[in-house]
Each structure stands twice: as C-alpha cells, then as structure tokens.
Amino acid sequence: RNRLRQVEILKEMHTILGEMRVATLKEMSSNLLRKEWDSEEVKDYVKRVLMLYFDAQKEREDNGSDVANALDEEEEDTFDIIYVLNLFSDLVALLPDERLRGEVLLEVESVINRNQETGGNSSDKTSQPSALPELNEDELEEKFVKGSGAGGQKVNKTSNRVILVHTPTGLRVECQDTRSLQQNRKIARKRLRLKFDAFINGDTSRAGQKATKAVTKKAKNKARSKRR
C-alpha cells in the first residue's frame with residue numbers, strides 16, 4: 001500500500017518539478033537516509049526541496065515564448081507552495097527511518113506555518129488552491145488502535161494507528177504512516193480536512209480544482225497536438 005502511495009505522489013511530483021528535479025529529490029533523500037544527520041541537515045534538506053520548487057516555477061515562467069502561451073502555462077501549471085509542501089510531507093511520511101520522518105515533518109510543518117503567516121509565495125493568488133475548511137474537534141471521534149504490518153513489535157504492540165471520524169458527515173480516515181502517535185494524528189486531520197473540503201465544496205474544493213485542472217490541461221495538450 002505504501003509503495004502504491006509513493007508511486008502516486010512521485011507521479012504528481014513529476015508534474016510539478018519535472019523528471020530531473022524528482023531524480024535530484026530522490027538522491028537527496030537517499031543521501032540523508034545513509035548518513036548520520038542532525039537538525040541542521042534536516043533544515044538544509046527541506047530548504048533544498050523548496051529551491052527545487054522555486055526553480056521549477058521559474059522555468060515555467062521562462063518557457064513562455066509569447067503572451068498567450070505564458071498565460072496558458074500559468075493556468076495549467078501554477079502550484080501553490082503550501083500544496084506542494086503538503087504533498088512533500090505525504091512523501092516524507094513514507095520514509096523508513098522513524099526518527100528522520102518525525103524531524104522532517106516537523107520542519108515542513110514549520111515552513112508551512114511561516115508561509116501561511118506571510119501569505120505564501122508571490123504567484124497569482126487566484127490560481128492557488130482554496131483554503132481547507134477547519135474541523136471542529138467537538139465533532140470528531142478519534143480512536144487509537146494497535147498498528148499492523150511492517151515495523152516490528154514496536155508497531156504491532158503500540159496503539160499508534162489513528163482512526164478519525166467526522167460524526168456529522170460520517171467521513172472517516174485512518175493513519176499509521178509513522179510510529180509517532182502525534183504525527184499520525186496530525187496527518188489524519190489533514191486527510192480528513194481534504195475529505196471534508198471535497199464533501200462540502202465539490203468542484204470548488206482542492207481536489208475538485210485539481211481534477212478540473214488535469215482535464216483542462218489534457219484538452220489543451222490534445223488541441224496543441226492537432227495543430228502541429
């Protein structure tokens with residue numbers, strides 16, 4: 001299941017960063033996993049991921065050969081930095097090193113919070129995904145059960161698997177991405193907010209906007225192919 005999720009995330013990362021930058025990201029992650037790391041190296045790792053994102057954004061801007069093409073590219077390929085960081089955090093949650101996972105997720109969360117406080121990046125705000133709705137903790141039913149699958153006895157004997165239900169709608173998510181109960185609680189809430197967003201906002205939700213953008217991009221690519 002984790003392998004399939006990793007493939008899905010990397011496929012989307014390819015769309016955002018491009019093949020060469022995803023290869024760089026993989027190499028950076030492998031190098032960090034192989035070495036004795038500290039908090040400064042984790043901060044540098046996250047910073048370099050951000051640089052890959054900004055480099056990809058700049059390349060999109062530079063590739064517009066005329067005004068019409070530039071507008072098309074902006075409509076198709078502008079990605080909010082918060083969305084990209086959340087996607088990256090989903091990828092980090094699949095890292096095999098539990099301690100490294102926790103450290104990187106905390107750093108990514110810190111960067112997300114700073115960007116939200118300052119209004120995010122400088123790209124057109126109309127093209128950014130809509131803000132996710134907040135959850136009322138009084139409307140949540142949360143259970144902690146023993147983990148299962150790979151990870152050894154610590155996972156299988158510890159109640160670190162989170163089951164979160166939004167009682168008014170019945171929406172339900174589970175999370176056992178890390179050995180840390182607190183990290184799993186945070187990830188579960190983010191997933192439930194995405195589900196709740198889709199439930200109440202439909203086509204205007206973050207998932208709906210993403211689906212619409214994908215359909216529009218496919219149609220434009222098809223039209224361009226016919227013109228050639």
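Predicted model: local features only at pLDDT ≥ 70, side-chain atom pairs only at ≥ 80, totals over all residues.
**Exercise 1. Determine how α1 is oriented relative to α5, and describe their contact.**

Step 1. Two packed helices are described by the angle between their axes and the distance between the axes.

Step 2. For helix α1 (residues 2-17) and helix α5 (residues 81-92), the packing angle is about 150 degrees and the axes lie 10 Å apart.

Step 3. Angles over 145 degrees count as roughly antiparallel; α1 and α5 are therefore roughly antiparallel to each other.

Step 4. The crossing of α1 past α5 is left-handed.

Step 5. On the α1 side the contact comprises R5, Q6, I9, L10, E12, M13 and I16, which meet Y83, V84, L87, F88, D90 and L91 of α5. By class, the residues of this contact are nine nonpolar, one polar and three charged.

**Exercise 2. Classify the packing of α1 against helix α2 (residues 19-34).**

Step 1. The axes of α1 and α2 come within 7 Å, and the crossing angle is roughly 125 degrees.

Step 2. Roughly perpendicular covers 65 to 115 degrees and roughly antiparallel begins over 145, with the rest counted as oblique. The angle of roughly 125 degrees therefore makes α1 oblique to α2.

Step 3. α1 and α2 form a right-handed crossing.

Step 4. From α1, the residues L10, M13, H14 and L17 meet E19, R21, V22 and K26 of α2. This contact of α1 with α2 has four nonpolar residues, one polar and three charged.

**Exercise 3. Classify the packing of α3 against α5 and state the residue classes in the contact.**

Step 1. The axes of α3 and α5 come within 11 Å and cross at roughly 130 degrees.

Step 2. That angle makes α3 oblique to α5, and the crossing is right-handed.

Step 3. α3 contributes Y45, V49, L50, Y53 and F54 to the contact, while α5 contributes I81, V84, L85 and F88.

Step 4. The residues of the contact of α3 with α5 are nine nonpolar, with no polar and no charged ones.

**Exercise 4. Locate the largest cavity and characterise its lining.**

Step 1. Rolling a probe the size of a water molecule over the atoms shows where empty space is left.

Step 2. The count gives one cavity of 30 Å³ or more, and the largest cavity has a volume of about 30 Å³.

Step 3. Its lining consists of V49, L50, Y53, V84, L85 and F88. The elements giving two or more residues to this lining are α3 (39-62) and α5.

Step 4. By class, the lining has six nonpolar residues, no polar and no charged ones.

Step 5. V49, L50, Y53, V84, L85 and F88 line the cavity and also take part in the contact of α3 with α5.

Methods
Residues numbered from 1 in each chain as written. Heavy atoms only, no water. Axes fitted to C-alpha atoms, helices over the stretch in contact; angles between N-to-C directions. Helix = DSSP H or I, 4+ residues; strand = E, 2+ residues; numbered from the N terminus. Parallel < 35°, antiparallel > 145°, perpendicular 65-115°, else oblique. Left-handed = near helix turned anticlockwise from the far one by under 90°. Contact = heavy atoms within 4.5 Å. Nonpolar A, V, L, I, M, F, W, Y, C, P; charged D, E, K, R; others polar. 1 Å grid on protein atoms, 1.4 Å probe; cavity = no way out; pocket = protein on both sides within 12 Å on 5 of 7 lines; lining within 4 Å. Points joined across faces, edges and corners; volume = space filled by probe spheres on them.
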